[in-house]
Amino acid sequence: MSATCRPWWPRCACPTSRSSAACSTGTDRRRMRAVVSRWLWGLGLAMGAAPIWAQSAPAACPDGPRLSPDGQSAAALQKAIDKAPADTVVMLAGRYDIDRTVRLRSGTRLCAQPAATLQWADEDRPGLLLDGTRADHTRIQNLILQGRGIALKGRGHHVENNWIRRITGGPHQGKAHWNQRHGVIVVDRAEQLRVIGNRFEDIVDTGIMAYGLRDSALQQNHFLRVVEGIHLWSSGHTTVAGNTGEGFTAMAIEVQGDDIPGLVIRDNRFSSWLATHDPGSYAMSVVSGDGAVVSGNTVEARPGMGATLEVGGIAPVVQGNTLVGAPLVIATAPDARIEGNTVRGAGIFKDVNRVQGGQLRISGNRIEQAPRVAIGTDYWRGYDRITLSDNTIVRQQQPGDAPFIGILLTGTDKSPLTVTGNRVTLLPGSTASAPMACFGNSGHQGDMRGALVADNVCEGRGHGAFVSTNSQGGHVGVRYLRNTLRDLRQGISGDSSGLIAERNRLERVATDPAGLGR
């Protein structure tokens with residue numbers, strides 16, 4: 001351990017820490033001060049140390065004139081906000097018991113150095129801590145907001161480095177009081193919203209719920225024990241990046257509504273769903289957007305979840321994500337590109353959907369230990385063109401496993417499938433294994449005519465088949481060109497009538513009933 005690092009320091013970048021934030025050199029006295037401060041911050045008190053939810057030291061309050069409320073009540077805080085001249089920072093300290101919604105004015109700036117607590121005083125009373133729906137360009141910074149959250153609308157709001165927690169929504173669960181169940185809610189439309197570096201904890205519904213975001217950023221927030229992390233409706237030209245979280249019971253990120261350009265969801269990391277999550281629930285769902293980019297995210301799902309990521313909308317680009325424990329599901333997504341992702345313990349599936357055109361490209365992905373099918377669907381239908389290329393699939397059989405297929409080929413209703421440059425490795429288990437095949441052909445009576453299966457590598461360590469066939473006529477008119485089959489028990493199983501085979505290379509393949517090597 002570095003001599004300048006103390007592992008008890010919040011978010012310390014020691015070898016035992018996952019954070020890259022800087023560490024304090026510290027002394028024993030400073031160490032005790034930090035430990036005591038952690039306890040006191042739970043009560044909303046201060047000792048001059050950094051807030052424990054902060055990724056680093058709290059951001060400095062804005063420059064400008066400053067004033068403080070004359071008391072610790074909602075009335076005193078409202079009075080300070082109402083009388084604050086332009087560019088004045090309302091500085092808070094200690095704990096404020098809020099018994100009614102505090103209304104922000106355009107330009108309101110609330111800040112604490114290092115922190116202050118706004119506590120909702122009566123769970124039986126409806127309301128919010130802060131309401132900025134009739135204001136623009138507000139800033140809320142370095143606060144503990146407890147019991148209720150914030151409502152916003154308009155332009156230029158900043159919510160930065162706050163700890164928003166213990167929101168139950170109270171007994172008022174009807175539609176009229178739905179807004180008070182969230183940490184931050186944008187009730188209609190917001191532009192140039194910045195929600196950055198906050199911690200959302202123990203929230204009965206959603207950390208950030210937003211309608212109609214434009215030119216906004218939700219970045220570096222952390223979610224702990226919330227139902228949903230971020231839920232966006234009809235939003236675009238917005239970046240959701242660098243957020244983390246665990247302890248969800250529904251989705252970490254959900255995006256739906258109108259297909260609007262400019263949405264980027266990148267470099268987020270989510271894990272550890274609670275056992276109380278809905279059966280079959282999805283970890284992330286991005287089913288709206290025009291050209292949405294979903295990249296560099298890491299999602300570790302809990303067993304039994306339906307998907308790590310569901311993607312839809314127009315022309316989404318899903319690239320460079322690491323998805324563990326549940327499938328990547330393609331919903332209605334014309335011109336979708338699924339490229340360069342790593343999927344472990346699950347596969348990539350096109351859902352039964354309403355797509356009526358466009359292309360689908362699944363390329364350059366690495367899929368490890370998918371349980372039944374690595375890339376598949378019920379029907380490759382709806383798209384004008386489908387390309388499955390340059391994917392790497394590795395499957396090690398385990399005792400009790402079901403039969404496995406690397407890539408499932410089915411009939412199409414438009415252009416035939418193109419399946420090229422894939423590499424599938426089948427590794428048998430130590431005991432007798434269930435059937436394995438690099439490809440599965442579930443075509444029927446020529447409905448895969450014209451499909452191209454070319455330049456793929458299938459290797460099996462003496463086990464498995466190149467193609468498993470489960471119907472009559474599925475190979476009619478299918479071209480198998482320049483594929484390499486290595487260390488397999490069989491070339492093609494089942495009916496192989498009508499296939500076209502040219503220049504395939506077979507190395508140590510026990511049987512070749514279809515004549516692929518001729």
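Q: What makes the pair Cys438 and Cys458 a disulfide?
A: A disulfide is a pair of cysteine sulfur atoms within 2.5 Å. In this predicted model, the sulfur atoms of Cys438 and Cys458 are 1.9 Å apart, so the pair meets the definition.

Q: Why is the disulfide of Cys438 and Cys458 called right-handed?
A: The torsion about its S-S bond is about 80°, and therefore the link is right-handed.

Q: Which parts does the pair Cys438 and Cys458 tie together?
A: Cys438 belongs to strand β38 (residues 436-441) and Cys458 to strand β40 (residues 457-459), so the parts joined are 20 residues apart in sequence. Strands here are DSSP runs (E, at least two residues), and helices are DSSP runs too (H or I, at least four residues), numbered from the N terminus.

Q: Why is Cys438 called buried?
A: Buried means under 20% relative accessible area, exposed means over 50%, and partly exposed lies in between (1.4 Å probe, protein chains only). Cys438 has a relative accessible area of 0%, so the word buried applies. Cys458 also counts as buried, because its relative accessibility is 0%.

Q: How many disulfides does the rule give?
A: The count comes to 2 disulfides. Another of these joins Cys61 to Cys111, with an S to S distance of 2.0 Å. Cys61 lies in the loop between α1 (28-41) and β1 (66-67), whereas Cys111 lies in strand β4 (residues 109-120), 50 residues apart. This link is left-handed, with -85° about the S-S bond, and both Cys61 and Cys111 are buried.

Q: What makes Asn321 buried?
A: Its relative accessibility is 1%, so Asn321 counts as buried. Asn321 lies in the loop between β24 (317-319) and β25 (322-324).

Q: What makes the approach of Asn297 to Asn321 a polar contact?
A: The backbone nitrogen of Asn297 lies 2.9 Å from a polar atom of the side chain of Asn321. A polar contact is a pair of N or O atoms within 3.5 Å; within protein, one must be able to donate a hydrogen and the other to accept it, and residues adjacent in sequence count only if both atoms are side-chain atoms.

Key: Residues are numbered from 1 along each chain as its sequence is written. This is a predicted model: local features need pLDDT of at least 70, side-chain atom pairs count only at pLDDT 80 or more; totals for chains, interfaces and linings use all residues. Side-chain values use heavy atoms; hydrogens and water are left out.
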